[in-house]
Amino acid sequence: MFLSKLREALICLKAGRVTLDYPLAPQEPKPGFRGKITIDADLCFGCGGCANVCPANVIVLSDTEQHRRTIEFYWRRCTYCGRCEEVCPEKAIRLSQQFETATNDPQDMYMRLEVFMGPCQRCGRCFPPPTALDRMMNTGFREGPRGGRA
Amino acid sequence: MSTVDQAAVTRVKDAVAARGNGAVLSATQPHPDTLRFVIEKNAMRAAVAGLVKELRARFLISVGTDQRPLTGDFSILHLFSLDQDHLYVLLESSVSEKDPWIESITDLVPGANWAEREFRDAIGVRPDGHPDPRRLLLADDWPEGVFPLRRDFPYNYKPPRAENVRPQMLEPPKGASVLPIGPFFPVLEEPAYWRMFVEGETVVGCDTRIFYNHRGIEKLGDSVMTYNEIPYLAERICGICGFIHSTCYCQAVEKAAGIEVPRRARYIRTIMLELERIHSHLLWLGIAGHIIGFETILMQTWRVREPVMWLCEEISGNRKTYGMNTVGGLRRNLANQIMPKLLETLGRVEKETVAIRDAVIGDTTLQARTKGVGTLTNEWAKQVCVVGPPARASGVAIDARVDHPYAAYDEIPPRIATEEAGDTWARVLVRIAELLDSIRLVRDALAAIPPGPICADIKEEIPPGRFGLSVVEAPRGEAVHFVLTGGDNRPYRWRVRAPTYPNLQAMPAMVEGANIADVPITLGSLDPCFSCTERLETIDRTTNEVRVYSGAELLEMSRRRVCPGGAR
């Protein structure tokens with residue numbers, strides 16, 4: 001009884017101080033951490049693969065005009081699974097190391113991207129320019145049986 | 001791979017056929033470890049009796065499915081496990097829409113109590129002769145005759161609010177007072193309402209109302225999400241054993257579709273599952289200490305646990321909800337440069353855990369507070385189909401990792417730790433033994449991990465109409481996922497049973513005859529998580545005097561083990 005109390009005290013003494021100084025000192029996440037999404041607008045060609053696979057329906061696609069496709073990211077609902085990053089054929093969408101995303105303004109957690117598209121001569125729907133079609137078939141939509149939405 | 005004995009298959013077929021009296025419509029073996037019988041509903045009860053009484057089958061769960069769009073009928077499935085024979089047995093009956101009832105099996109298998117009430121609530125098939133046919137799944141203000149898991153029920157339907165509804169609770173035995181615990185209470189991970197019937201300070205019985213936190217994920221799974229979106233939803237069923245649920249779901253789909261998962265992926269899944277067990281058991285040990293006022297053990301086990309969380313973050317990109325599983329394998333590989341760090345951290349965790357174990361094992365205060373508290377007898381543990389550490393602490397040597405090997409457990413078998421006493425102390429010992437064995441399993445897995453791909457290449461659509469059943473041993477017990485595949489790239493039915501579901505059903509037996517101050521640690525010893533508390537009140541029925549205890553007071557009571565008016 002006395003021995004075990006002594007042992008317990010020793011364990012506590014040996015451990016010392018283990019708490020971190022965060023938030024007074026900055027805290028870097030580990031490499032490979034899945035943080036806030038970032039989008040490189042120049043790389044995106046609007047295939048919509050990310051909207052196709054997002055489990056939380058954070059990414060919403062709408063073809064507002066014939067030449068224009070709008071991609072909206074309501075990432076306050078984002079679960080940081082990283083599926084969008086995984087399927088993006090151009091690596092335009094990435095998960096950053098940023099984790100301090102608390103804000104008072106919901107608009108801070110909203111992003112909107114407009115991409116100019118080539119409309120189909122027959123049906124009028126938006127498509128990425130023909131040269132990119134092959135790239136699109138490569139990644140985002142190959143997911144069909146595994147993750148595509150019918 | 002443990003092979004299934006053909007003699008056992010024949011034995012089960014004979015037993016079901018003998019009891020079924022010609023009402024067995026078909027007997028198939030869709031997977032090597034699964035036998036499926038389609039039986040007329042009149043013979044279901046007899047077949048269940050045959051399985052349970054003659055073959056000592058263990059009840060897992062019931063699944064009610066609305067198959068009207070396919071066959072015109074509802075289907076009721078009772079799932080059983082024959083642990084010694086490594087077999088699952090599925091008994092299926094169709095129930096017509098005009099006459100939606102089936103004979104209850106709760107008197108044969110007490111553990112089927114909640115499962116039967118659940119399919120009654122969800123699809124409206126009445127278990128005839130059920131001893132306790134109160135509402136379970138649906139909210140008390142949910143309208144009668146609206147069944148949310150029927151196919152014609154839209155997932156986003158919101159019923160009108162009802163006024164003045166209260167849970168239907170049992171009357172206390174004569175002379176006993178009622179002591180309500182919950183709906184918010186420190187030792188319960190979700191809102192749950194317990195009414196303890198007390199005489200003085202001794203509990204003489206209890207009643208419960210749960211499912212306040214029902215989120216309808218099964219409905220979402222079969223109407224909104226797709227096959228590969230569900231793993232992320234499944235991961236969020238539980239905050240601690242997220243990877244277990246996503247693995248369990250993925251394995252069920254893989255089994256249904258006949259997808260072969262690469263060997264490396266199975267090894268990495270094993271490593272992650274065991275890491276989850278390590279940090280979950282350390283967390284539990286700390287909280288058990290916290291409930292009985294032994295804060296040293298809380299601070300120290302959580303300090304030891306934290307490096308494991310950092311390790312998980314480094315492997316998967318997040319402390320929890322790893323997002324690593326996908327149907328067919330994994331999304332993220334285990335980098336070779338993490339392995340030395342993993343081994344080093346595990347070595348440290350093992351050393352410190354052993355030090356803590358050696359220190360607390362001789363601590364008579366801890367033993368005085370846990371020995372003989374919340375005892376669950378071996379017989380009743382089998383009857384209510386308790387799983388996980390509570391079962392093993394009562395001498396029921398079941399472990400899904402051994403009985404139904406999945407991932408890489410066929411190549412690196414775990415050792416089952418059992419105790420006979422069945423009390424809270426036995427549960428502490430079982431969990432510490434499992435924790436140390438998990439560290440060994442991760443080491444073995446790291447030593448044997450093969451190179452190769454981590455995800456199967458799936459080219460074809462998952463065929464509809466197949467089913468998969470997967471059981472994964474979570475830290476709290478076994479999680480069961482049942483998937484019936486459908487069209488539109490999503491399951492037709494997805495059934496989840498978390499380990500606490502059967503374990504909570506054993507609570508009434510565990511607290512009967514106990515002291516009020518022992519109730520928190522008894523609840524806690526089942527390892528539900530802990531949320532913040534609101535209050536607890538006691539009502540003395542004879543005087544109607546109400547005394548309200550704050551959570552702090554109750555915890556204090558549990559620590560000092562004193563009761564109002566009590567002599568202790």
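Among contacts in chain A (heavy atoms within 4.5 Å) between residues at least 6 apart in sequence, 72% join residues at least 24 apart. The model is predicted, so local features need pLDDT of at least 70 and side-chain atom pairs count only at pLDDT 80 or more, while totals for chains, interfaces and linings use all residues. Residues are numbered from 1 along each chain as its sequence is written, chains are lettered from A and ligands numbered from 1 in the order in which they are written, and side-chain values use heavy atoms, with hydrogens and water left out.

Chain A contains five helices and seven strands, where helices (H or I, at least four residues) and strands (E, at least two) are DSSP runs numbered from the N terminus. Their order from the N terminus is α-β-α-β-β-α-β-β-β-β-α-α. Of its 150 residues, 37% count as buried, that is, under 20% relative accessible area, with exposed meaning over 50% and partly exposed in between (1.4 Å probe, protein chains only). The accessible surface of chain A is about 9200 Å², and carbon and sulfur atoms account for 56% of this area; the values come from the Shrake-Rupley method with a 1.4 Å probe.

**Nonpolar core**

A nonpolar core is a set of buried Ala, Val, Leu, Ile, Met, Phe, Trp, Tyr and Cys residues joined through side-chain atoms within 4.5 Å. The largest one holds 156 residues, of which B:Val12, B:Leu91, B:Met196, B:Leu275 and B:Ile278 touch the most other members. Helix α8 of chain B (residues 263–291) provides the largest share of this core, 15 residues. Leaving aside residues up to four places away in sequence, B:Val12 touches B:Leu35, B:Phe37, B:Leu51, B:Leu55, B:Leu82, B:Leu87 and B:Val89.

**Interface between the chains**

The contact involves 39 residues from chain B and 32 residues from chain A. The buried area (the accessible area, 1.4 Å probe, that two parts lose on being put together, summed over both) is about 3000 Å² between these chains, and carbon and sulfur atoms give 51% of it. B:Glu229, B:Arg303 and B:Arg331 supply 17% of the area that chain B buries against chain A, more than any other three residues. Two salt bridges are counted between chain B and chain A; in one of them, B:Arg331 pairs with A:Glu86.

**Salt bridges**

A salt bridge is a side-chain nitrogen of Lys or Arg within 4 Å of a carboxyl oxygen of Asp or Glu.

| Pair | Closest N and O atoms |
|---|---|
| B:Arg331 and A:Glu86 | 2.4 Å |
| B:Glu478 and B:Arg58 | 2.8 Å |
| B:Arg495 and B:Glu218 | 3.6 Å |

B:Glu478 forms its salt bridge with B:Arg58. B:Glu478 lies in strand β14 (residues 477–485) of chain B and B:Arg58 in strand β3 (residues 58–67), so the pair ties together parts 420 residues apart in sequence. B:Glu478 is buried at a relative accessible area of 2%, as is B:Arg58 at 8%.

B:Arg495 forms a salt bridge with B:Glu218. This pair links strand β15 (residues 491–497) and helix α5 (residues 217–223) of chain B, 277 residues apart. B:Arg495 is buried at 3% relative accessibility, and B:Glu218 is buried at 9%. By contrast, B:Asp358 is partly exposed at 30%, and B:Arg357 is partly exposed at 27%.
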